[in-house]
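I opened my notebook to look up a protein structure piece by piece. Here it is, before my entries.

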Amino acid sequence: MNALLDTSFLFALADTSDRNHARVLEVARNLTDSLILPLPVLPEICYLLASRLGHVAMRCFLDELASSDTAIESIDKADLQRVVEILDRYSDSKIDFVDATTIAVSERRNVTRILTLDRRDFSIVRPRHCDYLQKFPDS
């Protein structure tokens with residue numbers, strides 16, 4: 001199976017002082033899924049790592065990503081159109097661009113699993129291809 005990576009999961013994995021670090025580390029260690037990183041997640045996680053943990057942490061993340069089997073998934077114009085639809089439909093919830101893009105990628109790639117700590121946005125949106133995205137780690 002495939003699973004999408006979200007910023008919140010990646011940050012908690014990198015930050016050993018994060019209250020969720022042990023939970024995400026356990027998921028990461030036991031994971032058998034092929035991982036997909038939607039391209040818009042990359043600048044967001046790099047910014048957070050550099051600003052909160054330092055430039056060295058950001059560079060270490062990029063080095064590990066470059067040597068991993070994680071697929072980096074670009075977005076296309078159809079994805080952008082779907083992002084606009086999601087942002088319009090859920091405008092009261094103020095879902096952000098990266099999360100809407102991740103949902104669009106999940107639909108296009110038919111992925112139903114996501115590694116995230118963001119229960120709010122990924123619980124609100126109903127993807128076209130499934131009833132909901134399975135979120136890991138579990139609540």
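My entries follow, from the overall fold down to single residues.

**Ground rules**

I am working with a predicted model, where local features need pLDDT of at least 70, side-chain atom pairs count only at pLDDT 80 or more, and totals for chains, interfaces and linings use all residues. I number residues from 1 along each chain as its sequence is written, and side-chain values use heavy atoms, with hydrogens and water left out.

**Overall fold**

I looked up the helices and strands, which are DSSP runs numbered from the N terminus (helices: H or I, at least four residues; strands: E, at least two). The protein has 7 helices and 5 strands. Reading from the N terminus, I wrote down the order β-α-α-β-α-α-β-α-α-β-α-β. The radius of gyration is 14 Å, close to the 14 Å from the globule rule for 139 residues, so the protein is as compact as a globular protein of that length. That radius is taken over C-alpha atoms, and the rule is 2.2 Å times the number of residues to the power 0.38. Along the principal axes, the C-alpha atoms fill a box of roughly 40 × 30 × 25 Å.

**Surface and contacts**

I noted an accessible surface of about 7,700 Å², with 50% of it belonging to carbon and sulfur atoms. Such areas come from the Shrake-Rupley method with a 1.4 Å probe; for residues, only the protein chains shown count as cover. Buried residues make up 45% of the 139 residues. Buried means under 20% relative accessible area, exposed means over 50%, and partly exposed is in between (1.4 Å probe, protein chains only).

Next came contacts (heavy atoms within 4.5 Å). Among contacts between residues at least 6 apart in sequence, 62% join residues at least 24 apart.

**Pro-38**

I found Pro-38 in strand β2, residues 34–38. Is Pro-38 buried or exposed? Pro-38 counts as buried, at 0% relative accessibility. Leaving aside neighbours within four places in sequence, Pro-38 touches Leu-4, Leu-5, Glu-73, Thr-102 and Val-105. I also checked Ala-28: it is 10 residues from Pro-38 in sequence and 18 Å away in space, C-alpha to C-alpha.

**Cysteines**

How many disulfides does the structure hold? I found 0, using the cut-off of two cysteine sulfur atoms within 2.5 Å. Cys-60 is in no disulfide, and its nearest cysteine sulfur, that of Cys-46, is 12 Å away. Cys-60 is partly exposed, with a relative accessible area of 40%. Cys-130 is buried at 17%.

I looked for a cis peptide bond and found one joining Phe-136 and Pro-137, with omega about 5°. Pro-137 sits in the segment after β5 (134–136).

Then I checked phi. Lys-94 is not a glycine, yet its phi is positive, about 55°. Lys-94 lies in the loop between α5 (77–89) and α6 (97–109), and counts as exposed at 68% relative accessibility. Asn-110, also a residue other than glycine, has a positive phi near 55°. Asn-110 is in the loop between α6 and β4 (113–115), and is exposed at 53%.

**Rings**

Last, I looked at a ring with a charge over it. Arg-52 lies over the face of Phe-11, at 5.9 Å from the ring centre. The cut-off is NZ of Lys or CZ of Arg within 6 Å of the ring centre and within 35 degrees of the ring normal.
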